[in-house]
Amino acid sequence: MYDGVPFSGRLVKLRLKSNALSYGPVPEPDAEVEQKLEISVKKKTARLSCYNFGNGAKYLLNQVYVRRESEKDIRDILAMFEAVFSAYEPIGFVCDAGSWELVLTNDKRERFRYEGTLCTDFSWQGENISDRLRSILDWPNLWAFAPALEEEADAGSENDDEDTLMWHTNAVRVKAKP
């Protein structure tokens, strides 16, 4: 496994774990704290597993969504990740925010591992890749690298978008569909 080095090869599978835990009060047992997304060329599927905090010792699987995606959508997603992570440069961590871990597997079965803070703004062709993933997969509550800003988080806020994003990544969501 390669840690933090630029991706090479043809991407065939990705696994992205997004965890919203940070400093602060202990979440309620039914609060969603982690999402795992897996996209595979071979299976032509996207799978999202959502986990609740439970008792804190072990997260509890709450919901699983599996969608068969078109070959075009799978190719678009993987091409986006290939482009972004073949030019990857390590980024700093933000304190008091959630985290993400990504494993990309190429056609030679080599795995590339990356990690960061759950407020990372990766862009591809001028578009945020977390937003693009949500759009292609039609899962608006997918966290990916940065949770979507909710309208109520922005409404009436005197903070700029960056401050609002940081606030939102510290919030743990209670049961909701992706």
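These legends describe close-up views of a predicted model.

**View 1. Strand β4 and its cover.** Strand β4 spans residues 45–52. Most of the strand is covered, with 7 of its 8 residues buried. The next two views show its pairing with β3 and with β5.

**View 2. Strand β3 beside β4.** Strand β3 covers residues 31–40. β3 and β4 pair in the antiparallel sense, over 8 bridges. Glutamine 35 stands opposite cysteine 50, which belongs to β4. The hairpin of β3 and β4 has 4 residues between the strands. In this hairpin, lysine 44 takes a positive phi near 55°.

**View 3. Strand β5 beside β4.** Strand β5 runs through residues 60–68. The pairing of β4 with β5 is antiparallel and counts 8 bridges. Tyrosine 65 in β5 stands opposite leucine 48.

**View 4. Glutamate 32 in strand β3.** Glutamate 32 has its place in strand β3. Its relative accessible area is 0%, and buried means under 20%, so glutamate 32 counts as buried. The side chain of glutamate 32 makes a polar contact with the side chain of glutamine 35, at 2.8 Å. Glutamine 35 is also the residue opposite cysteine 50.

**View 5. A nonpolar patch on the surface.** Leu61, Val64 and Val66 form this patch. Together they have about 250 Å² of accessible area. Leucine 61 lies in strand β5. Leucine 61 has a relative accessible area of 49%. Exposed means over 50%, so leucine 61 is classed as partly exposed.

Notes
Residues numbered from 1 in each chain as written. Predicted model: local features only at pLDDT ≥ 70, side-chain atom pairs only at ≥ 80, totals over all residues. Heavy atoms only, no water. Buried < 20%, exposed > 50% of the residue type's maximum accessible area, 1.4 Å probe, protein only. Pairing = 2+ DSSP bridges. Polar contact = N/O pair within 3.5 Å; in protein donor to acceptor, adjacent residues only side chain to side chain. Patch = residues over 30% accessible without salt bridge, like charges linked within 9 Å, V, L, I, M, F, W, Y side chains within 5 Å. Areas by Shrake-Rupley, 256 points an atom, 1.4 Å probe, with all protein chains shown as cover. Salt bridge = Lys/Arg side-chain N within 4 Å of Asp/Glu carboxyl O.
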